[in-house]
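Reader: Please take one part of this model and look at it closely, setting out what surrounds it and how the neighbouring elements pack.

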Amino acid sequence: MLFRSLLDAASGLDAETREMIRINIYGRGPAADALCAQATRLGLDQVATFHGLADHAAMPEIMRAADLFVLPALQEGLPLALLEAMASGLAVIATRVGGIPNVITAGQNGWLIEPGDAKALRAALQFAVRDHDERHQRGQAAPASVETHAERKSTRQNSSDVLISSAVPRLKK
């Protein structure tokens, strides 16, 4: 389950850091009820809020209200939500899966951890929550990373289009 490790990590934070955080989880899936029960069992009732599905139009406002974006995926491609968070200037903590390492450079625009590693997630959370300046600096670097990724993707797409269009006439002969 995607957010099980986030809840485990949050429950292990020191008391002072734990009082500083609010976890807002958006989305709804088959594990939602189990996650709510886990939050209660871990004593995170006052920390974690489950919002269900968010209207896509509301996401910019939701992102502006956040300080940090956490995506503890076990497997993933390159999630749009991650790109939107980074484009919004949020520092991110995410797992080293799929295309995520193509846009996050650990130590520059976010934190990368191994999937399922609640201990590493807890350490990254602790650091990100407690060090406002570092979190802010990584968030400031995030939009440029998304732009660079989009430019590389556009260049590859244009190259593919050129290769395909130049190959097509030869195939017709």
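Author: Asp14 lies in the loop that joins helix 1 to helix 2 (15–20), where helices (H or I, at least four residues) and strands (E, at least two) are DSSP runs, numbered from the N terminus. The model is a predicted one, in which local features need pLDDT of at least 70 and side-chain atom pairs count only at pLDDT 80 or more, while totals for chains, interfaces and linings use all residues. Residues are numbered from 1 along each chain as its sequence is written, and side-chain values use heavy atoms, with hydrogens and water left out.

With a relative accessible area of 31%, Asp14 is partly exposed; on this scale buried means under 20% relative accessible area, exposed over 50%, and partly exposed in between (1.4 Å probe, protein chains only). If neighbours within four places in sequence are set aside, Asp14 is in contact with Gln126 and Arg130, contact meaning heavy atoms within 4.5 Å. Asp14 is also 9.7 Å from Arg122, C-alpha to C-alpha, although 108 residues separate the two in sequence.

The axes are lines fitted to C-alpha atoms, for helices over the stretch in contact, and the angles run from 0 to 180 degrees between N-to-C directions. The crossing of helix 1 with helix 6 is right-handed, the near helix being turned clockwise from the far one by less than a right angle. Ser5, Leu6, Asp8, Ala9 and Ala10 of helix 1 here meet Ala118, Leu121, Arg122 and Leu125 of helix 6. By class, this contact of helix 1 with helix 6 has six nonpolar, one polar and two charged residues (Ala, Val, Leu, Ile, Met, Phe, Trp, Tyr, Cys and Pro count as nonpolar, Asp, Glu, Lys and Arg as charged, and the others, Gly among them, as polar).

Within helix 1, Ser5, Leu6, Leu7, Ala9 and Ala10 are buried, and what covers the buried residues of helix 1 includes helix 2, strand 1 (23–26), helix 3, strand 2, strand 3 (68–71) and helix 6.

Helix 3 packs with helix 1 at an angle of about 10°, the axes lying 10 Å apart, which makes helix 1 roughly parallel to helix 3. Arg4, Leu7 and Asp8 of helix 1 make this contact with Leu35, Gln38 and Ala39 of helix 3, and the residues of the contact of helix 1 with helix 3 divide into three nonpolar, one polar and two charged.

In helix 3 (residues 32–41), the buried residues are Ala32, Leu35, Gln38 and Ala39. Seen down the axis of helix 3, these buried residues fall within an arc of 120°, so they line one face of the helix, the arc being that of the directions from the helix axis to the C-beta atoms. Asp33 and Arg41 are exposed on the other side of helix 3.

How values were computed
Parallel < 35°, antiparallel > 145°, perpendicular 65-115°, else oblique.
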